[in-house]
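Welcome! Let's take a friendly walk through a protein model, one topic at a time. Have a look at the structure, then read on.

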Amino acid sequence: MAEPHRSAADHDPDLPAFARRPAGFASGPGHLVVYGNPAFRTMFGDDAVGVPARESMLDLPAEAFALLDAVLGEGRPMARWVERPDGTWRLTAVPRSDPGSGEVDGIAFHLRARADLPVTSRD
């Protein structure tokens, strides 16, 4: 697996959110990563797509994967703060459902650095 790439731009507040907030889709109980945005690929490496999350997102704590398991099992959105070597991140995950059966078959997730505050007003 390729070593993840990191740059000073990872936490640059002048970058648009999609460029600094890793996000992806995972499928099934093994959380096979089927898509990762450019920020996800920067954080975890290009080879992280196509691999189960537990094998590719190695610097996330066990609590992160417990959250992904709970979202898939309970079929409802959840979030929590997780620690990585580069700081504290907010992991948010939502269930994805099969359009035909309505059965939850995967999750969408994203990470936001604690320092990357959401925009609440434009004043």
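## A buried aspartate

Asp-116 is buried, with a relative accessible area of 9%. Here, buried means under 20% relative accessible area, exposed means over 50%, and partly exposed lies in between (1.4 Å probe, protein chains only). You will find Asp-116 in the segment after β5. Leaving aside residues up to four places away in sequence, Asp-116 touches Arg-20 and Arg-21, where a contact means heavy atoms within 4.5 Å. Asp-116 and Arg-21 are 95 residues apart in sequence, while their C-alpha atoms are 8.7 Å apart in space.

## How to read this model

This is a predicted model, in which local features need pLDDT of at least 70 and side-chain atom pairs count only at pLDDT 80 or more, while totals for chains, interfaces and linings use all residues. Residues are numbered from 1 along each chain as its sequence is written, and side-chain values use heavy atoms, with hydrogens and water left out.

The term pLDDT is the predictor's confidence in each residue, from 0 to 100. The protein averages a pLDDT of 86, and 79% of the residues score at least 70. Over residues 1–10, pLDDT stays under 50. Where pLDDT is low, the predicted coordinates should not be read in detail.

## Strands and hairpins

Helices (H or I, at least four residues) and strands (E, at least two) are DSSP runs, numbered from the N terminus. Two strands pair if DSSP finds at least two bridges between them. Which strands does β1 join? Strand β1 (residues 23–27) runs antiparallel to strand β5 (residues 104–113), with 5 bridges between them, and Ala-23 stands opposite His-110 in β5. Strand β1 is also antiparallel to strand β2 (residues 32–36), through 4 bridges; there, Ser-27 faces Leu-32 as its opposite residue in β2. β1 and β2 form a hairpin with 4 residues between them, and Gly-28 in the turn has a positive phi of about 75°.

Another antiparallel pair is strand β3 (residues 78–84) with strand β4 (residues 87–97), joined by 7 bridges. Met-78 has Ala-93 as its bridge partner in β4. The hairpin from β3 to β4 passes through 2 residues.

## A nonpolar patch

Phe-25, Leu-32, Val-34 and Tyr-35 make a nonpolar surface patch of about 330 Å². Patches are made of residues with over 30% relative accessible area and no salt bridge: like charges are joined within 9 Å, and nonpolar side chains (Val, Leu, Ile, Met, Phe, Trp, Tyr) within 5 Å. Accessible areas come from the Shrake-Rupley method with a 1.4 Å probe, and for residues only the protein chains shown count as cover. Strand β2 gives the most to this patch, with 3 residues. Tyr-35, found in β2, counts as partly exposed at 38% relative accessibility.

## Salt bridges

A salt bridge is a side-chain nitrogen of Lys or Arg within 4 Å of a carboxyl oxygen of Asp or Glu. How many salt bridges does this rule give? The count comes to 5. One of them links the side chains of Asp-69 and Arg-54 (2.5 Å, N to O). Asp-69 lies in helix α4 (residues 62–74) and Arg-54 in helix α3 (residues 53–56), so the pair ties together parts that are 15 residues apart in sequence.

The side chains of Arg-84 and Asp-86 also meet in a salt bridge (2.9 Å, N to O). Arg-84 is buried at 5% relative accessible area, whereas Asp-86 is partly exposed at 32%. Salt bridges with shared partners join Asp-59, Arg-84 and Asp-86 into one network.
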